[in-house]
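I opened my notebook to go through one structure piece by piece. Here is what I looked up, entry by entry.

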Amino acid sequence: MYTVALSKIAEQLQLKNCTPEINLEEIQVTTSEINRPALQLAGFYDDFNYERIQIIGNVERSFMETKSRDEVVEIVRKLMSFKIPCIVYCQSMVPSEDILEIAVENKVPILVSEKSTSDFMSEVIRWLKVELAPRISIHGVLVDVYGEGILITGESGIGKSEAALELIKRGHRLVSDDVVEIKKVSDATLVGSAPEMTRYFIELRGIGIINVKNLFGVESVKNTQNIDLVIQLEEWDRDKEYDRMGLEDTYTEILGNKVVCQNIPIRPGRNLAIICECAAVNHRQKKMGYNAAQDLYKKVTENLKI
């Protein structure tokens, strides 16, 4: 199970900490779901998702204003008796001193957001889904080619890094070399990034390590990129039959998501950078509804009928 520190959430979403006595580093959030405890404030605790971030909006505030001070104290004590990670007040609402005292006693941080309740909910869910997404590390190179995320894989020494370097010189952007960390953000989206330690670096046999950002500028690198296409490099085998038409896409599976995969045979004289560029543009055309192979096949079959 992946977790994210509450301090990181507060920093990323620009939340004000009203309980500085509590160490946010020690509190870990384990789910991207959130909860608005309107029913809990009314006394209904069946199926209470206490492990989620609790959000107070106008509805919850209006309900609390109908109660006396003693009733509010009792309600809040009951809510904070559960091991909730934190309570976030939206629209810059300020909790009372009674609530802050109870929060410190129960070690439940109180945070405040300037955003509206709906805006904050959508933002925190989106961000946490990425941070807590299932992930794996794959040996390969990830580059952004014309906006398409191309994951280049293959055996060590086959030329993945050299292909990436040529693509960078042609104006495309490097995301990661050697190791690509892949997160499953949704059933349709995989996001790749580089480990922090090796970010912006490429290993070139015979030369060593180079820093792409320093050599080619900040426009040559990118921190994250959706993975749209996998290019599998392999040694040319003259006895093997390769697909020369590309009528049907082949797929590979990563974290349960299917990604289009193309096997590219390598032999002396083949320009990998141009091949990767063509693959990226061709893949984009297919997503837009045009398949050159099917177009040619249709013309040939129609011609044979004449």
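**Entry 1: a term I needed, then a helix pair**

Before looking at a pair of helices, I wrote down a term: a crossing is left-handed if the near helix is turned anticlockwise from the far one by less than a right angle, and right-handed if clockwise. I also noted that this is a predicted model.

Two packed helices are described by the angle between their axes and the distance between the axes. I took helix H4, residues 69–80, and helix H5, residues 97–106. They pack at an angle of about 25°, and their axes are 10 Å apart. Angles under 35 degrees count as roughly parallel, so H4 is roughly parallel to H5. Their crossing is right-handed.

Which residues meet here? From H4, I listed Arg69, Val72, Val73, Val76, Arg77 and Met80. From H5, I listed Asp98, Ile99, Ile102, Ala103, Glu105 and Asn106.

**Entry 2: helix H9**

Next I turned to H9, which covers residues 272–287. I found 16 residues in H9. From first C-alpha to last, H9 reaches 22 Å, close to the 22 Å expected at 1.5 Å a residue.

I checked how H9 begins. A side-chain oxygen of asparagine 271 comes to within 3.1 Å of the backbone nitrogen of alanine 273. Then I checked what follows H9. Glycine 289 comes after the helix, and its phi is positive, near 105°.

Which residues of H9 are buried? I wrote down Leu272, Ala273, Ile275, Cys276, Glu277, Ala279, Ala280, His283 and Lys286. I then looked for what covers them. The cover includes strands S9 (141–145), S10 (148–153), S17 (229–235) and S19 (257–266). Helix H7 (160–169) is also part of the cover.

**Entry 3: H7 against H9**

I looked at H7 and H9 as a pair. Their axes come within 8 Å and cross at roughly 70°. Angles of 65 to 115 degrees count as roughly perpendicular, so H7 is roughly perpendicular to H9. On the H7 side, Ala163, Glu166 and Leu167 make the contact. On the H9 side, the contact is made by Leu272, Ala273, Cys276 and Glu277.

**Entry 4: glutamate 148**

I picked glutamate 148, which is found in strand S10. Is glutamate 148 buried or exposed? The cut-off for buried is under 20% relative accessible area. Glutamate 148 has 5% relative accessibility, so it counts as buried.

I looked for polar partners of its side chain. The side chains of glutamate 148 and arginine 284 are joined by a polar contact of 3.5 Å. Another polar contact, of 3.1 Å, joins the side chains of glutamate 148 and lysine 287.

I then listed what glutamate 148 touches, leaving out residues up to four places away in sequence. The list is Val143, Gln225, Asp228, Ala280, His283, Arg284 and Lys287. I also checked valine 124, 24 residues from glutamate 148 along the chain. Their C-alpha atoms are separated by 27 Å.

**Entry 5: asparagine 291**

I moved on to the loop between H9 and helix H10 (292–305), where asparagine 291 lies. Asparagine 291 counts as buried, at 14% relative accessibility. Its side chain reaches the backbone nitrogen of alanine 293 at 3.0 Å. The side chain of asparagine 291 also reaches the backbone nitrogen of glutamine 294, at 3.2 Å. Beyond four places in sequence, asparagine 291 touches Gly246, Leu247 and Lys286.

**Entry 6: positive phi, and valine 179**

Aspartate 178 has a phi of about 80°. Aspartate 178 sits in the loop between strand S11 (173–176) and strand S12 (179–186). With a relative accessible area of 35%, aspartate 178 is partly exposed. Tyrosine 200 has a phi near 80°. Tyrosine 200 is in the loop between strand S13 (189–193) and strand S14 (201–204).

My last stop was valine 179, in strand S12. Valine 179 is partly exposed, at 29% relative accessible area. Where is isoleucine 138 relative to valine 179? They are 41 residues apart in sequence and 5.7 Å apart in space, C-alpha to C-alpha. Leaving aside neighbours within four places in sequence, valine 179 is in contact with Ser137, Ile138, Gly140, Ser193, Ala194 and Pro195.

Key
Residues are numbered from 1 along each chain as its sequence is written. Side-chain values use heavy atoms; hydrogens and water are left out. Helices (H or I, at least four residues) and strands (E, at least two) are DSSP runs, numbered from the N terminus. The expected span of a helix is 1.5 Å times one less than its number of residues. Buried means under 20% relative accessible area, exposed over 50%, partly exposed in between (1.4 Å probe, protein chains only). Contact means heavy atoms within 4.5 Å. A polar contact is a pair of N or O atoms within 3.5 Å; within protein, one must be able to donate a hydrogen and the other to accept it, and residues adjacent in sequence count only if both atoms are side-chain atoms. Axes are lines fitted to C-alpha atoms, for helices over the stretch in contact, and angles run from 0 to 180 degrees between N-to-C directions. Angles under 35 degrees count as roughly parallel, over 145 as roughly antiparallel, 65 to 115 as roughly perpendicular and the rest as oblique.
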